[in-house]
Amino acid sequence: MDWESFYNSHSSPASYEIIITEIKQFISHHENKKIVLITSGGTTVPIEQNTVRFVDNFSAGTRGSASAEYFLDSDYAVIFLYRSKSLEPFLRHFLNSKLLDKLEIVNNKSIQVKEDLENLIPVLKKYKDAKSSNNIISIPFTTLVEYMWLLRGFCKLLNNRYCLIYLAAAVSDFYIPPNEMVKKAEHKIQSKDGPPVIALRMVPKVLMAITQIWSPKAFIVSFKLETDNSLLESKSKDALIKYKHQLVIGNLLHTRKYHVKLICQNEIEDIYLSEKDNKDGIEIEDIIVKKIKIRHEVFLKMN
Ligand code: 9Z3
């Protein structure tokens, strides 16, 4: 199925028009600022109409949410399109610090911080600054179809060289077309009928539409996730040749927090996070975003 037929056969998510209006307003509010669209987390593909079960793509949302914080530090306005309940910028630090154990109830009336949370003050400050200056807008998705609609809608609004599109979400390559799903499973599939045979179809590659039709003026960064190191460079380069965008970030599932490859037409740059950096609390996304910022600036000068 091509991407046009995909959109024709799947209706837009609830509140789609309202969300698009919000994003339009956000973009016009930041007319003179660089804007980054970050996608984050994994998509789900329901296997039943009334969904109890679904096929999910792995991603905690660390890459996307951490990158969002560093793009804000680098003076970008951020559109954060993320999988509902995956990690969010700033909030992720609180989830990691056993927050509930550090709070106590006072006189059954209020909540007091029992232990030191001072290390989170800079995070909270940055969150408050980003909110009060309206520098970040977060939009959740759950299913592949919601993601596809929102991605297309946002990309069409971001056809500008000041915009950066950073596709960190883990998007399913496979799905079940709605007409096939209805026939098989209008209601929850019953186990007494034995194991269902489910035929998954290919999801159309929308990267071509982003780079060629929806946002050809933007600086576009895609991610390539592999588990086999011997495929990472070649598949990333294939993507660059096919989609003609600016950068692929290659990573392997098990080393993604410590090593990535920035792959463009004529060079490959390895980024490693040293053990010392890791101990000092430095995140690889900080390095990635600094490097991308420089490349985006060069792109702006050249265009
Ligand atoms: C990535 O490769 C991300 O870096 C991760 C981040 C999903 C590995 P976490 O959120 O993980 O920190 O837990 N994202 C892109 C994955 C993807 O589906 N890429 C497609 C592919 O590899 C191309 S669009 O074919």
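Student: Why is Asp 173 called partly exposed?

Tutor: This is a predicted model, and in it Asp 173 has a relative accessibility of 33%. Buried needs under 20% and exposed needs over 50%. The value of 33% is in between, so Asp 173 counts as partly exposed.

Student: What makes Asp 173 and Lys 205 a salt bridge?

Tutor: Their side chains meet at 3.0 Å, N to O. The cut-off is 4 Å between a side-chain nitrogen of Lys or Arg and a carboxyl oxygen of Asp or Glu, so this pair qualifies. The two are 32 residues apart: Asp 173 is in the loop between strand S8 and S9, while Lys 205 is in the loop between strand S10 and helix H8. Lys 205 is partly exposed too, with a relative accessible area of 43%.

Student: How many salt bridges are there in the structure?

Tutor: The structure has 17. One of them joins Lys 126 and Asp 73, at 3.2 Å from N to O. Lys 126 belongs to helix H5 and Asp 73 to helix H3, so this pair ties together parts 53 residues apart in sequence. In general, side chains of opposite charge can pair when their charged atoms come close.

Student: Is Cys 155 buried or exposed?

Tutor: Cys 155 is buried, because its relative accessibility is 0% and buried means under 20%. Cys 264, at 10%, is buried as well.

Student: What makes Phe 80 and Tyr 82 a stacked pair?

Tutor: Two steps lead there. Their ring centres are 5.2 Å apart, and rings pair if their centres lie within 6.5 Å. Their planes are 15° apart, and under 30 degrees counts as stacked. Phe 80 and Tyr 82 are both buried.

Student: Then why is the pair of Phe 141 and Tyr 147 called edge-to-face?

Tutor: Here the centres are 5.2 Å apart and the planes stand at 65°. Over 60 degrees counts as edge-to-face, so that is the name for Phe 141 and Tyr 147. Both residues are buried.

Student: How do you know that the charged end of Arg 152 sits over the ring of Tyr 7?

Tutor: It is 3.9 Å from the ring centre, and the distance limit is 6 Å, with an angle limit of 35 degrees from the ring normal as well. The charged end of Arg 152 also sits over the ring of Trp 149, at 4.9 Å from its centre. Ring pairs link Tyr 7 and Trp 149 into a cluster whose members include Trp 3 and Tyr 175.

Note on methods. Residues are numbered from 1 along each chain as its sequence is written. This is a predicted model: local features need pLDDT of at least 70, side-chain atom pairs count only at pLDDT 80 or more; totals for chains, interfaces and linings use all residues. Side-chain values use heavy atoms; hydrogens and water are left out. Rings of Phe, Tyr and Trp (its six-membered ring) pair if their centres lie within 6.5 Å; planes under 30 degrees apart count as stacked, over 60 as edge-to-face and the rest as tilted. Buried means under 20% relative accessible area, exposed over 50%, partly exposed in between (1.4 Å probe, protein chains only). Helices (H or I, at least four residues) and strands (E, at least two) are DSSP runs, numbered from the N terminus.
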